[in-house]
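Dear colleague,

I am passing on the structure shown here, and I would be glad if you looked it over before reading my notes.

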Amino acid sequence: MKSPGCYEFSATITAVVHNEGVQLEDADDMLAAFDADGNVRGISTMLDGLADYADITLHSLTIRSNDAGDAISFQYYDASENAVLQSAASYTFVINDLIGNLMI
């Protein structure tokens with residue numbers, strides 16, 4: 001993984017992760033973003049227990065890049081299963097983008 005300082009731009013995504021309708025939220029789980037070459041572009045911070053949404057675990061993910069248009073994919077590490085799950089979700093990097101919030 002390159003140092004975050006190697007990238008000029010960032011975008012922020014707030015997400016909830018589900019697998020077959022079940023929210024994934026174990027304390028040691030991890031959501032990560034990767035570029036087309038498999039380089040890590042960001043690792044999430046888990047946030048839970050927020051007011052009316054106390055039963056929802058949010059992932060705050062800062063994705064870094066040097067160029068708009070980078071293809072980003074996601075993988076989720078499920079600690080309880082010791083398994084890496086591929087996500088069907090993808091993202092095209094937009095400089096200073098902000099996706100998702102507590103309500104969405």
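Let me begin with a turn: in the hairpin of β8 and β9, which has four residues between the strands, asparagine 82 takes a positive phi near 50 degrees. Please keep in mind that this is a predicted model, in which local features need pLDDT of at least 70 and side-chain atom pairs count only at pLDDT 80 or more, while totals for chains, interfaces and linings use all residues. Residues are numbered from 1 along each chain as its sequence is written, and side-chain values use heavy atoms, with hydrogens and water left out.

The strands here (DSSP runs of E, at least two residues, numbered from the N terminus) pair if DSSP finds at least two bridges between them. β8 and strand β9 (residues 83-92) run antiparallel and are joined by seven bridges, and alanine 71 has threonine 92 as its bridge partner in β9.

The next topic is the nonpolar core, meaning a set of buried Ala, Val, Leu, Ile, Met, Phe, Trp, Tyr and Cys residues joined through side-chain atoms within 4.5 Å, where buried means under 20% relative accessible area, exposed over 50% and partly exposed in between (1.4 Å probe, protein chains only). The largest such core has 13 residues, and Ile63, Ile72, Phe74 and Tyr91 touch the most other members. At least two residues of this core come from each of β1 (9-15), β4 (30-34), β7 (58-65) and β8 (71-78), with β8 giving the largest share, three residues. Leaving aside neighbours within four places in sequence, phenylalanine 74 is in contact (heavy atoms within 4.5 Å) with residues including Ile13, Leu31, Ile63 and Tyr91.

There are also two salt bridges in the structure, each defined as a side-chain nitrogen of Lys or Arg within 4 Å of a carboxyl oxygen of Asp or Glu. One joins the side chains of aspartate 35 and arginine 41 (2.9 Å, N to O), and the other joins arginine 41 to aspartate 70, with the closest N and O atoms 3.1 Å apart. Because arginine 41 lies in strand β5 (residues 40-43) and aspartate 70 in the loop between β7 and β8, this pair ties together parts that are 29 residues apart in sequence.

With kind regards
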